[in-house]
Amino acid sequence: MNKIKKRARFYCRLSGMALLFVAVAAYGQDPEALSEKRMPDPKTELLADSMYHHLMPQQHFHDKEQLIKILQQHEGRPTDLKHIEGLGQSDFEMHYLVFPLRVAIVVDPARPDQLSLPRIRKGIEILNRSLSDAWIQFKTVRIDTIYAPVTINSLKDRNYEVYYAFSIAHDLRDTISLYLVDNEENLCEDYRCARTQGFSNILETYTNNVVIDKFFVDDFKVMPHEFGHYFGLLHTAETVFGLERVDGGNCTEAGDRVCDTPADPGEVYGVYVNYSNCEMKGLKEAGTGLEYHPMINNYMSYYAPCYMRKFYFTPGQLDVIFYAAVHIRPNQIIELGEVPEF
Ligand SMILES: [Zn+2]
């Protein structure tokens, strides 16, 4: 029973980064099979490197010149630009950057399952609450229905080839698409259950979307988690860049490369967690004997929710989100907004 529960909690079984590495490995075997769009974008990689090395949490959020540059780069509205230029440095205050969002409900004609608008609105409110400290907000600009016989699993078929074809057919250039997709009808086979709740590429500009299982549209964690990937965040327990040490000495290079999220051994060690006080205790790093203290209720961790505790992003993670939003996703036309009311 325990085993079944654990497998069912995975959020995205193959994150964007993992996908990137799969693509590179495949290239070695059969160069013809890999289309160009799948290759890492060198400019994006360079930006990502500088992003992880020069994080200055929250500082650039309050710089007038920076904001003007961002608005110019994103083809912001002339009235927004004039408004900021007209402010003196002393009376300057940061404004929310509002990104347009297109919601697309993907409906399988063979088993049509629509999604109610209140649930979608609630999901976007949950997303906006999670991003408000990064000064990023989403405004729904259109809602479409796409009739296609796909599931979240079938999109991953043939090493995500189906997903790339779907993205090319349906993505918009200047607006992020949120695809709300069905899952498999049968989630459990051979006494094993698995469910992908959503996925999104990390720091890759060939696709411009986030995919979420319809059922989780108003989940408190799934949307912020997947948009976290979209805006450059790795899992707190990520190991593709190496294991982060408990003393944090290699924190810009290993783990999730964000230094204010402590080393996370991963949900396999969930048995060391007390979910009432949201703490891990007793698990020690091999060699040093230092105890792990990961952030259990971080949006980018894989642990179960803690009792009565909110999920959150750290200031370092918020900084990655902001930086990626304005530098790595520059094709989004943005406008300035007021403090959102929740
Ligand atoms: Zn994930």
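Asp 190 is exposed because 5 other C-beta atoms lie within 10 Å of its own, where a residue is called buried if 20 or more other C-beta atoms lie within 10 Å, exposed if 12 or fewer, and partly exposed in between, with C-beta atoms placed from the backbone. The structure is a predicted model, in which local features need pLDDT of at least 70 and side-chain atom pairs count only at pLDDT 80 or more, while totals for chains, interfaces and linings use all residues. Residues are numbered from 1 along each chain as its sequence is written.

Asp 190 sits in the loop between strand E4 (188-189) and strand E5 (192-193), and Tyr 191 has its place in the loop between E4 and E5 as well; the element names refer to DSSP runs numbered from the N terminus, helices being H or I runs of at least four residues and strands being E runs of at least two. Most residues other than glycine have a negative phi. Asp 190, however, has a phi near 50°, a positive value in a residue other than glycine, and Tyr 191, also not a glycine, has a positive phi of about 65°. Tyr 191 counts as exposed, because it has 7 C-beta neighbours inside 10 Å.

Strand E1 (residues 96-107) takes part in several pairings, where two strands pair if DSSP finds at least two bridges between them. With strand E10 (residues 335-337), by contrast, E1 pairs in the antiparallel sense over three bridges, and Tyr 96 stands opposite Gly 337 in E10. E1 is mostly covered, 10 of its 12 residues being buried.

Together with helix H6 (residues 117-131), E1 and E2 make a right-handed β-α-β unit; a crossover is right-handed if, with the strands pointing away from the viewer, the path from the first strand over the helix to the second runs clockwise. Beyond this unit, Pro 149 lies in the loop between E2 and helix H7 (152-155). Pro 149 counts as exposed because it has 12 C-beta neighbours inside 10 Å, and its C-alpha atom is separated by 8.5 Å from that of Val 106, 43 residues apart along the chain.

Two packed helices are described by the angle between their axes and the distance between the axes. The axes of helix H4 (residues 64-73) and helix H5 (residues 78-86) come within 10 Å and cross at roughly 165°, with axes taken as lines fitted to C-alpha atoms, for helices over the stretch in contact, and angles running from 0 to 180 degrees between N-to-C directions. H4 and H5 are therefore roughly antiparallel to each other, since angles over 145 degrees count as roughly antiparallel, under 35 as roughly parallel, 65 to 115 as roughly perpendicular and the rest as oblique.

Helix H10 (residues 315-328) has end C-alpha atoms 19 Å apart, which agrees with the 20 Å that its 14 residues should span at 1.5 Å a residue, the expected span being 1.5 Å times one less than the number of residues. H10 is mostly covered, with 12 of its 14 residues buried, including Gly 316, Phe 322 and Ile 328.
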